[in-house]
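Take a look at the chain below. This report walks through a few of its residues.

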Amino acid sequence: MCILEDMNTFDFRHAALNRTVSVEGNLKHALRELAEIEKIIREYPHIKHYIVTHHSLTADGETLSADNIYDNHRKKGYVDVGYDWIIEQIEHSAQVIVGRPMHMKGAHCPQKKMNDIGFGICWVGNFNTAPPPDMLWRAGVKHYTDLCRTFNIPPTNILGHRDCNNDRTCPGDKFDMDRLINDVTKNLIKEV
Ligand SMILES: [Zn+2]
């Protein structure tokens, strides 16, 4: 039911966001458009239009790190893990683990209202030291492609946490956001 509602209302929101971007030098108009977006966010808080990429900053072990992330977030007082999905390599397979139900507001990036309008995805690993391994990368690209297709998210709306918060390097200095956007774009083009 929720998904259907998402899809039915999505174009309206998309159009409103695009209109705001196209407004130049007309502050009043821009503010009115912004108010419209705020209203849509209030009415449809579960509609997400961006994907925000994070890393866990921990080395990925053979055990399920997603459980640890979940426990940490619960200890901080969150109602659920803050991310919508966690991607991690467990032994010889990469898995996409469901986190917070996607109709709920997230708890991963308050900047630019991304908890409201962006899915939060945590890749397990510390990518300040090395890029994600191939298997993890392929699973991530596939999941991002599915999300872009299902929710009509343009790949240019795939962000790193650092794009929203200048104080952070998340998802890591060695995590190539341009490559991620390119790989997802290529997949989407292949599917047309
Ligand atoms: Zn982050």
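## About the model

This is a predicted model: local features need pLDDT of at least 70, side-chain atom pairs count only at pLDDT 80 or more, and totals for chains, interfaces and linings use all residues. Residues are numbered from 1 along each chain as its sequence is written.

## Tyr 50

Tyr 50 sits in strand S1, residues 50–55. Strands (E, at least two residues) and helices (H or I, at least four) are DSSP runs, numbered from the N terminus. Tyr 50 is buried because 23 other C-beta atoms lie within 10 Å. The cut-offs are 20 or more other C-beta atoms within 10 Å for buried, 12 or fewer for exposed, and in between for partly exposed, with C-beta atoms placed from the backbone.

Leaving out residues up to four places away in sequence, Tyr 50 touches Met 114, Ile 117, Gly 118, Ile 153, Asn 157 and Leu 159. Contact requires C-beta atoms, placed from the backbone, within 7 Å. Gly 120 is 70 residues from Tyr 50 along the chain, and their C-alpha atoms are separated by 8.7 Å.

## Backbone exceptions

Most residues other than glycine have a negative phi, and most peptide bonds are trans.

Glu 91 has a positive phi, near 50°. Its place is the loop between strand S2 (85–90) and strand S3 (93–98). Glu 91 counts as exposed because it has 7 C-beta neighbours inside 10 Å. Asn 152 also has a positive phi, near 55°. Asn 152 lies in the loop between helix H5 (134–151) and strand S5 (158–160).

Cys 170 and Pro 171 are joined by a cis peptide bond, with omega about 10°.

Key. Two residues are in contact if their C-beta atoms, placed from the backbone, lie within 7 Å.
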